[in-house]
Structures are given as C-alpha cells and as structure tokens.
Amino acid sequence: MRDNISLIETPPMNCSKCRREAIIYQRYSGMHLCSEHFTDSVESRVKREIRKHHWIEHGDTIGVALSGGKDSTSLLHFLIKTFGHRPDITILAITIDEGIAGYRDLSETEVIARRYGVPWHTASFAEEYGTTLDGIVAGQGGDDRRSCSFCGVLRRRLVNRIARENGCTKLAFGFNLDDEAQSVMMNVLRGDTERLTMTQRDNPGMIPRIRPFAVIPEREVALYAHLHVGSLADHGCPYAHNALRGDVRRLLNEYTWQHPATKFAVRTLGKEMQGRSTGPVLTPEICPKCGEPAFGTCRTCAVLDEVKQDKRT
Ligand code: SF4
C-alpha cells in the first residue's frame with residue numbers, strides 16, 4: 001500500500017546520518033535511516049510529545065490499553081524502555097475482550113504483559129454488560145454497520161473503569177498518526193462539526209488519556225514493532241471491513257503518496273479545531289443509572305438500552 005514511508009529496495013541506500021545501510025526512507029523528511037537512527041527518530045519524537053503535554057509525571061500509574069497488536073505492544077515496549085527504571089512510575093496493562101469470535105486471544109496479551117513484567121488486568125463485555133459484540137450484531141439482525149460505534153463506546157467505559165479501580169492516573173493508548181488523521185477526516189466527511197470543535201473537558205471519574213504515538217505514522221510503528229517487539233499475531237477484526245475508516249485510510253494513503261506531510265497537516269487541523277465550539281458546554285456528571293462519569297446523556301447507557309430493545313424485538 002502506498003504511504004509516506006518506503007522501506008528501502010535495491011540498490012541499498014546509506015543512512016543520511018551515519019552512512020550505514022538504511023532500512024527506511026521517510027518521504028516527509030527526505031531522510032534515509034538505518035535501524036539505530038530510525039529507532040532514535042521514533043523515540044525522540046515520542047519523548048518530545050510526552051514532554052510537550054506533560055503526559056507523564058512523577059508518581060504516575062500508567063495503564064496501557066493493550067490489545068496485543070503492533071501499536072499497543074510497541075507503546076508498552078517504549079514505556080518500559082523509557083520509564084521502566086523509574087521507581088516513581090508504575091506501568092500496568094489492561095486488555096478488554098469485546099467478545100468477537102476469532103479476534104481477541106487473551107492468552108497472547110497475557111504473554112506480552114508477562115514478557116514486560118507488568119501487572120495485567122482484563123475485563124470482558126460479557127461480564128460487564130451481559131452481552132458480547134457478536135451478540136449485539138446478531139441482535140441487529142446481523143447488520144454490522146454500527147459495530148464500531150457500539151464497540152468504541154462500550155470499550156471506552158470499561159477500560160476507564162478498570163484503570164480507575166487499579167489506581168491509574170493516566171490511560172495510554174497506542175493510536176498512531178494515521179489513526180488520528182483518519183478520525184479528523186471521518187468527522188469532516190460526516191460534517192460532524194460538533195465533534196470537530198468540541199472542548200475536551202476533565203471529568204473526575206475519567207482517567208486522563210494520553211496518545212504518545214500520535215505523531216508516528218502507522219508504518220513506522222509497524223517497523224518499530226518489527227525491530228523491537230518481534231512478530232505479533234494479527235487476527236483482524238471481522239467487523240473492520242465496512243467501516244468508513246477503511247475508505248478514509250485508503251484515501252489518505254493515496255493522497256499522502258503525492259503530498260508526504262498530509263497526515264501531519266490533517267492532525268494539526270483537528271487539534272486547531274478543538275475547543276472552537278460556540279454551543280453549550282456540557283458539564284461533567286455522574287450518570288444516575290450506571291454511576292459512571294458522563295457528559296450529558298450517558299452514551300454507554302444509551303447503547304445498552306438500544307441493545308436491550310433489539311433483543312426484545
Ligand atoms: Fe471494535 Fe470496530 Fe475495532 Fe472491531 S474494528 S475491534 S468492532 S472498533
């Protein structure tokens with residue numbers, strides 16, 4: 001697939017920094033990089049992003065949302081490498097089982113958490129909500145077009161609760177630059193000005209989220225994982241096929257081939273738009289029904305009510 005990064009093909013090129021053999025060409029920077037300087041390039045940008053936002057501070061307990069894929073496993077690797085020696089910082093892993101047949105294998109994530117020596121906590125939709133994502137899709141007559149919306153809302157609530165109950169002060173997600181740019185573009189294509197311009201507000205029950213890899217293109221995260229984490233199982237979610245995100249990914253990759261800085265520009269646009277809403281500002285509340293933090297109508301309860309309705313019809 002076309003992207004703003006190309007693995008080196010024959011003839012071999014030399015690293016722009018040290019003249020050793022390069023393993024990657026960053027089209028947006030014009031640099032050929034060897035393994036060592038590529039790793040430096042990724043890690044220094046991630047560290048800069050963490051410093052800029054004060055994302056990791058003295059005394060933090062960081063819960064890493066660990067799916068077992070390349071993004072979250074690379075993030076866990078990076079955090080352990082960078083902060084694992086600090087006695088004032090605790091790192092743990094949290095895995096959510098959505099209940100998607102053939103997709104999530106908890107034994108694989110447990111092995112990853114063990115390899116990095118971090119406590120591993122898990123929870124499932126089945127135990128928490130009394131249903132699975134497969135069950136929800138079945139309740140919709142097999143129509144899976146809204147599966148990602150349901151999944152995202154239910155997963156966010158559950159991972160937040162598990163993080164809070166385990167004393168986390170930050171919740172770290174492995175979202176990469178492509179994920180970020182795709183989210184902005186999806187809101188643009190839907191004409192969703194509310195989401196584009198909304199103000200991110202604190203709610204005491206919601207653990208602050210950090211996304212240290214948000215400045216790293218997806219294929220660079222994949223290469224970082226290949227170099228430092230090793231091979232990972234990639235089961236692929238069966239509901240990912242018809243998501244708008246897939247179309248937007250293709251569109252952005254094609255355009256970025258011609259204009260290598262596009263994904264960075266789209267992410268910046270998204271950040272610039274945030275907080276510009278002139279609508280009413282929602283106050284943080286506790287949902288009277290489920291007791292979890294919410295802004296306005298509790299989206300989790302709204303999804304669960306809809307799911308129950310589907311079961312009755
Ligand atoms: Fe959930 Fe959609 Fe991701 Fe599958 S692709 S895990 S349904 S958000």
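Modeller: Let me start with Glu128: apart from neighbours within four places in sequence, Glu128 is in contact with Arg157, Leu158 and Arg161. Keep in mind that this is a predicted model.

Biologist: Which helix is Glu128 found in?
Modeller: Glu128 belongs to helix α4, which covers residues 125-129.

Biologist: And is Glu128 buried, exposed or partly exposed?
Modeller: Partly exposed, as the relative accessible area of Glu128 is 26%.

Biologist: How far apart are Glu128 and Arg19?
Modeller: In sequence they are 109 residues apart, and in space Glu128 and Arg19 are 54 Å apart, C-alpha to C-alpha.

Biologist: New topic, the ligand. Which residues surround the ligand?
Modeller: Tyr103, Leu133, Cys148, Cys151, Arg155, Cys237, Tyr239 and Ala240.

Biologist: Which helix gives the largest share of that shell?
Modeller: Helix α6, residues 147-165, with 3 residues of the shell around the ligand.

Biologist: Over how many bridges do β7 and β8 pair?
Modeller: Strand β7, residues 170-172, pairs with β8 over 2 bridges, in the parallel sense. Leu171 has Arg209 in β8 as its bridge partner.

Biologist: On to the rings. How many aromatic pairs does the structure hold?
Modeller: The structure holds 5 aromatic pairs. One of them is formed by Phe173 and Phe175, with ring centres 5.5 Å apart.

Biologist: Why is the pair of Phe173 and Phe175 stacked?
Modeller: Because their planes are at 5°, and planes under 30 degrees apart count as stacked.

Biologist: Are those two buried or exposed?
Modeller: Phe173 counts as buried, because its relative accessibility is 12% and the cut-off for buried is under 20%. Phe175 is partly exposed, with a relative accessible area of 38%.

Biologist: Which residues do ring pairs link into a cluster?
Modeller: Phe78, Phe213 and Tyr224.

Biologist: Last one: where does the charged end of Arg27 sit?
Modeller: Over the ring of Trp257, and the charged end of Arg27 is 4.6 Å from the centre of that ring.

Conventions: Residues numbered from 1 in each chain as written. Predicted model: local features only at pLDDT ≥ 70, side-chain atom pairs only at ≥ 80, totals over all residues. Heavy atoms only, no water. Phe/Tyr/Trp six-rings, centres within 6.5 Å; stacked < 30°, edge-to-face > 60°. Buried < 20%, exposed > 50% of the residue type's maximum accessible area, 1.4 Å probe, protein only. Lys NZ or Arg CZ within 6 Å of the ring centre and 35° of its normal. Near = heavy atom within 4 Å. Helix = DSSP H or I, 4+ residues; strand = E, 2+ residues; numbered from the N terminus. Pairing = 2+ DSSP bridges. Contact = heavy atoms within 4.5 Å.
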